[in-house]
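Here is a short briefing to read with the model open beside you. Take it one topic at a time, and look up each residue as you go.

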Amino acid sequence: MPHIAVTIGAGRSPRQLRTLLHEVHAAVLRSVDTRPEHVRVVLHEVPRTHWSTADTTLAELDQEPVRPTGPAGPAEPTTPTTPAEPTTPAEPAEAAGEREPS
């Protein structure tokens, strides 16, 4: 009987947590020859004040401003001479320099 323990920083919605449980269960079924009723997944939510990385708690990290990843300095204002091109979908949060909760 597979038993999977997941530890995550508190702060996700019940729907996000349920999705995580479902996806972990599905991954085990794809990976291991077992029956669905034999898979146990336990989710441990840790308060963000009780989890630290490099001596900084997740709660403290949440308070830090997100640093831009582009070139240093302000950009020069420009006036478009042609209609704006359609925008492309946003980059994933990690690539755009945004922090996801742990």
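Asp 55 lies in the loop between S3 and S4, where strands are DSSP runs (E, at least two residues) and helices are DSSP runs too (H or I, at least four residues), both numbered from the N terminus. Asp 55 has a positive phi of about 65 degrees although it is not a glycine. Please keep in mind that this is a predicted model, in which local features need pLDDT of at least 70 and side-chain atom pairs count only at pLDDT 80 or more, while totals for chains, interfaces and linings use all residues. Residues are numbered from 1 along each chain as its sequence is written, and side-chain values use heavy atoms, with hydrogens and water left out.

**The loop between S3 and S4**

- Asp 55 is exposed, with a relative accessible area of 72%; exposed means over 50% relative accessible area, buried under 20%, and partly exposed in between (1.4 Å probe, protein chains only).
- Ala 54 is found in the loop between S3 and strand S4, which spans residues 56-57.
- Ala 54 also has a positive phi, of about 55 degrees, without being a glycine.
- With a relative accessible area of 74%, Ala 54 is exposed.

**Overall layout**

- The protein chain has two helices and four strands.
- Read from the N terminus, its elements follow the order β-α-β-β-β-α.
- Of the 102 residues in the protein chain, 17% count as buried.
- Among contacts with a separation of 6 or more, 71% are between residues 24 or more positions apart; a contact means heavy atoms within 4.5 Å.

**Strands S1 and S2**

- Strand S1 (residues 3-9) and S2 run parallel and are joined by seven bridges; two strands pair if DSSP finds at least two bridges between them.
- Thr 7 has His 44 as its bridge partner in S2.
- Between S1 and S2 the chain passes through helix H1 (residues 14-31), and this β-α-β crossover is right-handed: with the strands pointing away from the viewer, the path from the first strand over the helix to the second runs clockwise.
- Ile 4 stands opposite Val 41 in S2.
- As background, side chains in a regular strand alternate between the two faces of the sheet.

**Arg 40 and its surroundings**

- Arg 40 sits in strand S2 and counts as partly exposed at 38% relative accessibility.
- Beyond its neighbours within four places in sequence, Arg 40 is in contact with Met 1, Pro 2, His 3 and Ile 4.
- Met 1 and Arg 40 are 39 residues apart in sequence, and their C-alpha atoms are 7.4 Å apart in space.
- A polar atom of the Arg 40 side chain lies 2.5 Å from the backbone oxygen of Glu 37.

**Salt bridges**

- How many salt bridges does a search of the whole structure find? The search finds two, a salt bridge being a side-chain nitrogen of Lys or Arg within 4 Å of a carboxyl oxygen of Asp or Glu.
- In general, side chains of opposite charge can pair when their charged atoms come close.
- Arg 35 forms a salt bridge with Glu 37, with the closest N and O atoms 2.4 Å apart.
- Glu 37 is partly exposed, at a relative accessible area of 42%.
- Asp 62 and Arg 48 meet through their side chains in a salt bridge of 2.6 Å, N to O.
- Asp 62 lies in helix H2 (residues 58-63) and Arg 48 in the loop between strand S2 (40-46) and strand S3 (52-53), so the pair ties together parts that are 14 residues apart in sequence.

**Confidence in the model**

- The protein chain has a mean pLDDT of 81, and 69% of its residues reach 70 or more; pLDDT is the predictor's confidence in each residue, from 0 to 100.
- Over residues 86-98 the pLDDT is below 50, and this stretch has nine contacts in the model beyond near neighbours in sequence.

Conventions: A polar contact is a pair of N or O atoms within 3.5 Å; within protein, one must be able to donate a hydrogen and the other to accept it, and residues adjacent in sequence count only if both atoms are side-chain atoms.
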